[in-house]
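Here is a friendly briefing to read alongside the model. Please have the sequence and the 3D view open as you go.

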Amino acid sequence: MKRYIYINHDDLAQDLYCDNRISNRKYTLWNFLPKNLWEQFSRFMNQYFLLIACLQLWSLITPVNPASTWGPLIFIFAVSATKEAWDDYNRYLSDKKANEKEVWVVRQGVKKLIQSQDIHVGNIVWLRENDEVPCDLVLLGTADPQGICYVETAALDGETDLKTRVIPSASMGIDFELLHKIKGVIECPSPDKDIRRFDANLRLFPPFLDNDMCPLTIKNTLLQSCYLRNTEWACGVAVYTGNETKLGMSRGIAEPKLTAVDAMIDKLTGAIFVFQIVVVIVLGIAGNIWKNTEAKKQWYVEYPNESPWYELLIIPLRFELLCSIMIPISIKVSLDLVKSLYAKFIDWDDQMVDLETRIRSHATNTAISEDLGQVEYILTDKTGTLTENKMIFKRCCIRGTFYGNENGDALSDAELLNAVSTGSTDVIQFLKVMAICNTVVPIQSNTGVISYKAQSQDEEALVRAAASLHMVFVNKNGNVLEINFNGLLLRYEVLDILEFTSDRKRMSVVVKCCLSGKIYLLSKGADEAILPLARSGQQTRTFSEAVEQYAQLGLRTLCLASRELDDDEYREWSLMFKEANSKLVDREWRVAEVCQRLEHDFEILGVAAIEDRLQDGVPETISTLRKAGINFWMLTGDKQNTAIQIALSCNFVSPEPKGQLLLLSGKTEDEVCRSLERVLLTMRITNTEPKDVAFVVDGWALEIALKHYRKAFTELAILSRTAICCRVTPSQKAQLVELLKSCDYRTLAIGDGGNDVRMIQQADIGVGISGREGLQAARAADYSIGKFRFLTRLILVHGRYSYNRTAFLSQYSFYKSLLICFIQIFFSFISGVSGTSLFNSVSLMAYNVFYTSIPVLVSVLDKDLSENTVMQHPQILFYCQAGRLLNPSTFAGWFGRALFHAIVVFVITIHSFVFEKSEMEEVSMVALSGCIWLQAFVVALETNSFTILQHLAIWGNLVAFYAINLIVSAIPSSEMHTIMFRLCRQPLYWTTIILITMAGMGPVLALKYFRYTYRSSKINILQQAERLGGPILSLGNIESQSRSLEKDISPLSISQPKNRNPVYEPLLSDSPSATRRSIGPGTPFDFFQSQTRLSSTYMRNSKDN
Amino acid sequence: MNSNSPSTSAGGPGSADSTAPRRNSKRPKYSRFTQQELPACKPILTPKWVVEIIDRYETDCVPLDSRNDKVGFIQSPQDKTCHRNLTVPKRMKRPIYVYYQLDNFYQNHRRYVKSRSDQQLRNPGDEGDTSACEPEDTAHGMPIVPCGLIAWSLFNDTYNFTRNDQLVTINKTGISWKSDRDHKFGKNVYPRNFQNNTLVGGAHLVANKSLSEQEDLIVWMRTAALPTFRKLYGKIEVDLQAGDVINVELQNNYNTYSFDGKKKLVLSTTSWLGGKNDFLGIAYLVVGGLCFFLSLVFTIIYLVKPRKLGDPSYLSWNRNPGGH
């Protein structure tokens, strides 16, 4: 399919293509209800609830009033529908804002201000500097006589540098006025989402140059959501509009992320569902047997002698309805509610505010806070994330002379200043390259202060440094650069720019000195891209040493070089360059090849070292989080040496004796394979020693390893706690995240730039730093923070609390539902297995909605340990990471507790209220109050810190229970009229309740006390220490070491067979033998693990034992 | 259950109050306080026993020749009068409650417990509201009042007590809940079309008494949650002395023979906790004993092997610092 676009044709093509109305909305006013319901019912849990609710409409089988299920169900649906509607409304508002933005569009040959949504395909749109491009345009004219304009494409691809766009040759040189009347046709493909491709043809109609088809490429386009920069105006014809733009097409709805806790809850729900089905089948069969034997004799029940076959189904269905409360309908609402509160706590946290920029931390994704507490791997970007991304020129080496080595700052090095003032040619040449060899645009403000707009931070740092050394880059006038050196104005004409690409790793400019007419080639680039091209005879050893030395200090190095060109040589090359530049196929490769022809025989001028300072608190953050058992991987596009140096300086790896770096390198498959095997071998051996081993890999070797030796590399990834990956591309970053995720590790990716977006989106948790490289990463991320050091708090405080709270809340929800359901099941055994509900509809509904959900909701305020304690003992995060608080075995504990409490409540109730007191409604209320009392004490027992709100909710709820029931009892028409008044007057009732509470809580309390005192977990110990006010900070590392040695051996040997199994632990505690989650038995690394498992788990285990 | 018996003094002489306001009287102002005549509770720390007489009669009241076909006997129209002698073991203070106890009778069966129409019972206008009453909803095309299985199967054994050939009156008013009489069973709802079907379930109702006065029905319709239950039959308002022999003349009409249900006649006094029930006492003793035992065990463990709370050296990462 192709589309033909008639430029500036007001009547044509108006209706052929959509207008420029952007719509991110999911719903319209009309389809909201059906579509939303359909979406909600595509979830299994909702289908289940709907089925139950529908079954309840059948009065023959429903044990209670259908309202007891329909009420909560409708409430839940209304809540999530309202949330969806609200989100959609906000999207509508932001769409509206974009749609109603005013733009200049040519209509009937006149420029008019219209709303952005009224742009049609074929319209000519005019943009001024810093305008956002409203739709995809083909450039027709710019203010620049060369037909160039600059755009910032950050919103599109995350690259923050300015890109140049040129007008197609056909429209070159058309007058400003004529542009309003231009006519023509563009043949272009149907909309797609490829932002790097646009293959189209343009033909202008007479009276304009009616030459042949003029080919168009992506270079001739302005894509939606880019910004026009450094160009006074530009105009273009709209080719794709609305949701059909390249951006609109690639806009996808991000997959909702599911946390490990959610997955576990789903799993447990499934288990409960299976349990429920089993119960229903067993009770159904038992019920039918009872009916056919016993019930026939019970004449007062009047069972008909003959019944249709489907009667057999009635009893099982009744039990299904009776047991449907086993899966608590309220759990989803409660979880959504507390999750959004966790997110709000992050937003509100005053300790995570970047004081410099006043940026607060923000949780964009409100649903995944628990995962923060379960992070096992952090993959971090380097530049801008660990470092400040403020490049400062620190040192240099010019012709073998080192400047800045003494005081660490070349700009204040007297020797260099002296050299500048005396006019040393080498130094001046060096400074000239610093000032000229770049694509920086100086902008002089009204006050005369010059600011620089640069594509890269390095270039800006160099230009600034040159300026402070009296080589001021003053002005860029077209192609002419003006440089003020000590008051002397030098002009250079830029003839060609040999752009930087990541393959070439260098950039060059060809300039002509306006004074002498000499032509120079000035280059700067990575050492390996420059030094080998030195002219024969020049010694480059000092420079390599300088590079080495600077890299050791963690500085970024750039080599500067120059060469004087002959006129002829240049002219000859220039032709080739132009030709290559106009090639349609393989242009980049051709251009690179042509550049190579010029870039040789360099006169190496020197090495500039630029410092990228570490952010505040980065080393502390990393060491704290490493203590918490989190593994760090650094993924950077920077070069190996710099990456390693940064890694060393921020505690990423320990220096030599303790730490060891294993290099994984190689250019060919064989080399990489050998290297990988060697690294793996070392890794396996050293794993038994308490040593910090990290592997270092570069992008090239990584590519090969991922492609051909994925298995071995995966094993390496699992074994190593630290890795440094340098020279990696954004997609490789995402691949590494994917690799770790496939091993079942929880990953957190943190980055600040557009190149980290893919990794951030891929990871379980994406954290963006709202930094200097723009907000691109922060916008794509689940959490955005101002500084790297907030990560500690985000994980240790917010993540940990969220995990603990959700673990409690979800299991408690199941506990209370199971409790009441077990009582119903027990009751069915004394009611002829006929499926009678002991509780009435009002009680059942209120039990789930009021009595039990409010006290537990305040558990969002519960803190098991104070924030300070957690910060001092980050190791405690282990409990969350390993999922110690929510797993099948803790759940089994809650299940057992529900069973025990149900037995206590049921047995005591039916034995105290016997004979003349066994009235149905009374017995039901006694049992219900027993449940309420028990659950209040259970919540109280599981709460670690009581705030006033918790007291209010727990005890207030108990009071409210009586208040509500007394009110209901006062209504004459209600089923339970006067019941509660009668009960409250009876001493028997109160003695029974006290007995239930004592019998129910006594053993649980004793067990908890025993665990707390004699089998205390690390959390318990810290709680005790905290409460005793003793030294929480551990002091006695050294003297306790010897004593603990023999202690350590025994538990280890016992615990080893259990290693790497999912944690099964008894109620209320955590056995010290259990360890972290394994990569699962089905993984293909069993061969390696037979030998490495024990050793690797030793390391992870040893911090627990 | 041992209990003190709360008893209230009758209060001061009422005539004193009427004289108090007279101002010109020479008599000093009467005050219960100054005269130490405040009403007082006089606890006596003696156990008060609940005395209970239980008489199981469902087999004994079937003549010997009918015992192999009890169901046939109960369904036959012959005379089912039966005489029982009860001996009072201990002095029983009034009021003495007379219960009948049924066993293996599932009033809580789902089919049974729902088979009633509260609307109909309350409101004379709603007599057609019998949808829940299936299968005892209509007879001869007319709605039954009161409808449903519960009402239909109303217990119909009757008891008459004589002591030393003197009739002991049984007070059958006030045996149901007051709230039921006032709110659940209408004052102007009369039984209609009741027990008119071919199959007669239980007792008939007096046609010209409103439902709120039919206390046996009201008691019966408070369904029991357990298959063994007692329902109040009446109250004996005189004290029975130890050794008294009470002759019961009962009409054994109700069919519990089809499902092997026991029938018992129970005479019982009450205490503050209600009737005779040992469970709570035993349960308290067991739970208390368990708590005592546990606390003893914990104390011993604590004394034998004390453990310092919150010792940081228990933290493993403090024990082997190089371990990770």
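The notes below go through helices, strands, backbone geometry and nonpolar cores.

This is a predicted model, in which local features need pLDDT of at least 70 and side-chain atom pairs count only at pLDDT 80 or more, while totals for chains, interfaces and linings use all residues. Residues are numbered from 1 along each chain as its sequence is written, chains are lettered from A and ligands numbered from 1 in the order in which they are written, and side-chain values use heavy atoms, with hydrogens and water left out.

**Helix 25 of chain A**

- Helices (H or I, at least four residues) and strands (E, at least two) are DSSP runs, numbered from the N terminus.
- Helix 25 of chain A covers residues 790–829, and its 40 residues should span 58 Å at 1.5 Å a residue; the expected span is 1.5 Å times one less than the number of residues.
- Because 39 of its 40 residues are buried, helix 25 of chain A is largely enclosed by the rest of the structure; buried means under 20% relative accessible area, exposed over 50% and partly exposed in between (1.4 Å probe, protein chains only).

**Annotated transmembrane regions**

- An unreviewed UniProt entry lists several "transmembrane region" spans in chain A, including residues 948–968 and 988–1010; UniProt positions follow the numbering used here, feature names are shortened, and annotations may be inferred rather than shown by experiment.
- In the model, residues 948–968 of chain A are 100% helix and 0% strand, with end C-alpha atoms 29 Å apart.
- Residues 988–1010 of chain A are likewise 100% helix and 0% strand, and their end C-alpha atoms lie 33 Å apart.

**Strand 23 of chain A and its partners**

- Seven of the eight residues of strand 23 (residues 506–513) of chain A are buried, so this strand is largely enclosed by the rest of the structure.
- Strand 22 (residues 488–498) of chain A runs antiparallel to strand 23 of chain A, joined by six bridges; two strands pair if DSSP finds at least two bridges between them.
- A:Val510 in strand 23 of chain A has A:Asp496 opposite.
- Strand 24 (residues 519–525) of chain A also runs antiparallel to strand 23 of chain A, with seven bridges, and A:Tyr520 is the bridge partner of A:Val511.
- Five residues lie between strands 23 and 24 of chain A in their hairpin, where A:Gly517 takes a positive phi near 75°.

**Backbone geometry to look at**

- Most residues other than glycine have a negative phi, and most peptide bonds are trans.
- B:Arg94 and B:Pro95 are joined by a cis peptide bond with omega about -5°, and B:Val145 and B:Pro146 by another with omega about -10°.
- A:Phe915 has a positive phi near 50° and is partly exposed, at 24% relative accessible area.
- B:Asp165 has a positive phi near 65° and is exposed, at 78%.

**Nonpolar cores**

- The largest nonpolar core has 221 residues, and A:Ile378, B:Trp220 and B:Leu267 are among those touching the most other members; such a core is a set of buried Ala, Val, Leu, Ile, Met, Phe, Trp, Tyr and Cys residues joined through side-chain atoms within 4.5 Å.
- Helix 25 of chain A gives the most to this core, with 21 residues.
- Apart from this core lies another, of 46 residues, among them A:Val103 and A:Cys135.
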